[in-house]
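Dear colleague,

I am passing on the structure below, and I would be glad if you could look through it alongside the notes that follow.

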Amino acid sequence: MLLAHKIELRPTPEQMVYLDKACGSKRHCYNQLLAHFSKPENKWSKNEAYQHYIKVLRKEFDWYNEVSSRVTRNAIDDLDTAFKHFFRRVKAKQKAGFPRFKKKDLRDSFALRESAKFDVIGRELRIEKLKTKIELRQPLRFQGIAKQVTISKRAGKYFASILVETEDYNPHDVDRQHSVGVDFGIKSLAVLSIGKVFSANQKLKASLKKLAKLQRNLTKKVKWSNRRAKAKLAIVKLHFRIARQRQALLHELSDYLTKNFDVITIEDLNVKGMLKNRKLSRAISDAGFGYLRQMIEYKAKLRNCVVVVANRFFPSSKTCSCCGKVKTNLSLADRTFTCECGFSADRDLNAALNLNQYGLDTLQPDLKCTPEQS
């Protein structure tokens with residue numbers, strides 16, 4: 001099994017210089033190759049890219065040698081992946097999206113995909129051509145063979161994503177409840193069919209005033225000045241902090257679901273369509289529904305859970321979880337579901353109960369199709 005562990009690095013000033021140089025070398029090599037193959041007379045080929053890299057780029061830019069050769073060499077693989085996606089979209093008659101040039105200080109990263117080029121020993125990371133070892137904030141979570149490492153820089157901080165081939169992953173999937181339905185929302189991030197509620201934690205909304213102040217401060221700075229760079233970094237750090245806070249909440253919810261339930265039924269939300277609502281678009285984006293679904297699905301796969309995704313047009317909120325009657329005139333303003341049969345419950349709890357039943361019905365074998373036992 002291949003698992004990745006992303007760890008924050010604590011480099012010294014000298015190590016920061018090397019990491020920045022490696023990020024810059026990879027970005028420069030990528031952009032040089034893209035510029036070459038963007039010309040009409042040069043047709044993309046991975047082999048041609050390698051020949052151009054060896055015969056032209058490494059000779060013209062000898063400072064590539066100051067970092068590991070695989071840093072710039074792996075730029076060819078990254079560009080090859082970008083072109084493959086481009087050609088796939090063209091073939092499928094989708095919006096093509098030709099590969100773009102990489103910008104400085106925007107998702108800077110580089111990768112070492114060969115085990116011999118790096119090593120993880122305790123809380124230290126060794127990288128080829130870096131004389132000293134970089135301190136890790138925490139030890140590697142998994143025991144096994146480190147296959148590759150990706151170093152990234154975000155908001156002035158450095159991170160190492162280490163891919164490990166391991167066999168010691170133990171999900172502890174015992175004493176779990178059978179099933180649960182999960183209703184996502186804005187007022188509450190998730191309401192479970194067992195009655196548990198995960199409150200929304202809209203960090204972007206809470207930081208809007210501070211963000212506006214920082215942006216006003218940025219507009220007053222002289223372009224290309226050091227003070228403008230510091231003001232811009234302050235905005236980046238705030239956005240990064242908001243993203244990490246949102247990520248922590250989503251991890252908490254996805255961990256709880258996959259650790260405690262065998263069957264998890266969620267909604268197939270049309271997030272792209274929901275964002276067209278201008279009054280709610282910011283709150284919907286801040287909730288991170290798409291990212292939450294990804295977390296639940298990959299953790300469920302690791303922990304041997306079953307995720308059932310309800311049909312997008314299943315009326316979970318408008319259906320009575322007691323008698324099954326659909327209430328067509330239910331509006332978004334109605335927060336309590338009341339049925340003619342006498343059933344009354346919170347709107348989101350009623351939806352979660354319906355989703356739980358939907359998941360159970362989906363997994364139940366069709367008795368009509370089951371061969372008769374002799």
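**Leucine 19 and the cores**

In this predicted model, leucine 19 is in contact with Leu9, Pro11, Phe110, Ile127, Ile134, Ile151 and Tyr158, when neighbours within four places in sequence are left aside. The largest nonpolar core has 27 residues, and Leu19 is among those that touch the most other members, together with Leu9, Phe110, Leu125, Ile127, Ile151 and Ile162. At least two residues of this core come from each of strand S1 (2–10), helix H1 (13–37), strand S2 (108–112), strand S3 (118–121), strand S4 (124–127), strand S5 (134–136), strand S6 (144–154) and strand S7 (157–166).

**The five-stranded sheet**

There is also an open sheet of 5 strands, in the order S10-S9-S8-S11-S12 and with mixed pairing. Strand S10 (197–199) and strand S12 (306–310) each have a single partner strand, so one side of each is left without a neighbour in the sheet. From one strand to the next, the twist averages 20°. Strand S8 (residues 177–184) pairs with strand S11 (residues 261–267) in the parallel sense over 4 bridges, and serine 179 stands opposite valine 263 in S11. Helix H6 (residues 226–260) packs on the sheet, touching S8, strand S9 (188–192), S10 and S11, and its direction makes about 130° with that of S11. Helix H10 (residues 347–363) also packs on the sheet, where it touches S8, S9, S11 and S12, and its direction makes about 130° with that of S8.

With best wishes

Key
Residues numbered from 1 in each chain as written. Predicted model: local features only at pLDDT ≥ 70, side-chain atom pairs only at ≥ 80, totals over all residues. Heavy atoms only, no water. Core = buried A, V, L, I, M, F, W, Y, C linked by side-chain atoms within 4.5 Å. Buried < 20%, exposed > 50% of the residue type's maximum accessible area, 1.4 Å probe, protein only. Contact = heavy atoms within 4.5 Å. Pairing = 2+ DSSP bridges. Axes fitted to C-alpha atoms, helices over the stretch in contact; angles between N-to-C directions.
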